[in-house]
Amino acid sequence: MKKKVMLNVGCTMLCQLVTFISGLIVPRLILSTFGSEANGLVSSITQFLNYIALVEGGIGSVVLTALYGPLAKKDDRKISSVLKAAENFFRQIASIFVFYTIALACVYPIVIKSSFSWLYVASLTVILSFTLFIQYFFSITYKLLLQADQKMYIVQLWQSLITLLNIIAVVVSIKLFPELHFVKLCSVLLFAIQPMAYSNYVKKHYKLYKDVEPDKNSLAQRWACFGQNFAYFIHSNTDVVVLTLFSDLKTVSVYSVYLLVVKNLQNLFKSFSNAFNPMIGKAIAVNDYKQASKYMETYEFVVSNVATIIFGCCIYLLPSFVLIYTHGVTDTNYYRVIFSTIIIFAEYIYCIRDPYVSVVYAAGKFKETSNSAYIEAIINIVLSVILVFKFGLEGIAVGTFIGMLYRMIYLVWFINKDIMPYPISNIVKRLSLSIGTIVISCLIVSVLDTTGSSTLILWVKNGVLCLGVYCAVTVVLNFAFDKELFLNVCKKAVRRRKG
């Protein structure tokens, strides 16, 4: 199991690195070739297409929970039955998605403030929809099976390969035929390879029965899970939708440039959740709460410290990076320090609360926590809409931050009350150490950095300085105030590396 964890973490981190590189190169090429409005248009359409996730209702988490038990017991018929029910459901979503895409392609070009023609926007909407359709109709069920069985490395390796090929395809297509529709169509054709790869692997390595009846009971909690999915969806999509409706596509482009860095950093933490979630889930499935608590403590320690280092550095480095990244793009202002700081803290909260979300999901407590998810979504939407008129991007970021902070506090309380005892003092200590690390590190870096980051070379120099300071302060504070856990995690890491 330990080898699987390390393999999953390593492959997921590789995938996130490749995705991060792609997220820097591809939007930059679109910005420099087609302009801020086209970049904002792609981001906006993508977010509107993602609304189909509301129909899914968070069933992915329900399927994962339903698979943990049968996989632990090696019950192939039960696994087949759960997968068949999931496959039927996802294909229904794919059918709904076709009608949704047609409606969106007709209405969206009329609603937005844009210089593009109706036909240009409508046809681009249809092209961008193909990737999601392929996912729901062909590949998502197999991905969930591999994730539940701690084989996400298969998915991540294929994702890495396709993403690398996509970078090459975008560069070549822009050189040969610089037309946005053609560039995006090339990407869609590449991503169509993935379902075939997943299907081939699952058929070779799992004994799945076709004659079983779909286990509809395994999906019984999908509406209870809807609230969790709704909150995640609002977190991921509300900001761009609000900016599209109440601002313009250039502002959407500014938001998307900052978020392409922050979101890719956030995705890095999926390497931890994909590794720890199945372990916590299987422990809870057999009522081994003592072991689940140990996994939880390690998970929380790792996520908290890594998030503090990464997002702490990001606070200092992101605005100057965006200026360098958008050099030569002069059709709108990309230097937004206040917005950058607030949205980084919002995503930081989202990442450090992930261990608590994982425990709730693993325990199957979807219905019991759905109200908190709805409240988070309402806080996010209402504050974003109210504040966007006066504060613009900064108002959007405040709404996101407050919504996520509320949910984290609630989840900590709920886990202690209804799932398993987990000392709140541990959580308070972790947060205090994180805040102390950020404050002390920022002060040290601001004193040591006397050159600014006006060029890429200076930015890299300051990045190395910032990373070194954050790592050093993190080690010192953890050794001073949480020595036992710090040394235990370090010893485990050394043993796994040797083993």
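**Charged side chains and their surroundings**

Modeller: K290 is found in helix α13; helices here are DSSP runs of H or I with at least four residues, strands are E runs of at least two, and both are numbered from the N terminus. The model is predicted, with local features requiring pLDDT of at least 70 and side-chain atom pairs pLDDT 80 or more, while totals for chains, interfaces and linings use all residues. Residues are numbered from 1 along each chain as its sequence is written, and side-chain values use heavy atoms, without hydrogens or water.

K290 has a relative accessible area of 63% and is therefore exposed (buried is under 20%, exposed over 50% and partly exposed in between, with a 1.4 Å probe and protein chains only). Together with K294, K491, K492 and R495, K290 forms a positive surface patch. Two elements give two or more residues to this patch, namely α13 (289-325) and α20 (483-498). The largest share, three residues, is supplied by α20. A patch joins like charges within 9 Å, or nonpolar side chains within 5 Å, among residues with over 30% relative accessible area and no salt bridge.

The structure holds ten salt bridges, each being a side-chain nitrogen of Lys or Arg within 4 Å of a carboxyl oxygen of Asp or Glu. One of them joins K263 to E347, with the closest N and O atoms 3.7 Å apart.

R353 joins E376 and R407 in a network of salt bridges.

Helix α16 also contains S370, which counts as buried because its relative accessibility is 10%. From S370 to R353 the separation is 17 residues in sequence and 16 Å in space, C-alpha to C-alpha.

K417 and D418 likewise meet through their side chains in a salt bridge, at 3.1 Å from N to O. D418 counts as partly exposed because its relative accessibility is 35%.

K74 has a phi near 60°, a positive value in a residue other than glycine, and is found in the loop between α4 (59-73) and α5 (76-111). With 71% relative accessibility, K74 counts as exposed. Q150 also has a positive phi near 60° and is not glycine; its place is the loop between α6 (118-148) and α7 (152-176). Q150, however, counts as buried, at 2% relative accessibility. Most residues other than glycine have a negative phi.

Note on methods. Areas by Shrake-Rupley, 256 points an atom, 1.4 Å probe, with all protein chains shown as cover. Lys, Arg positive; Asp, Glu negative; His and termini not counted. Charge placed at Lys NZ, Arg CZ, Asp CG, Glu CD.
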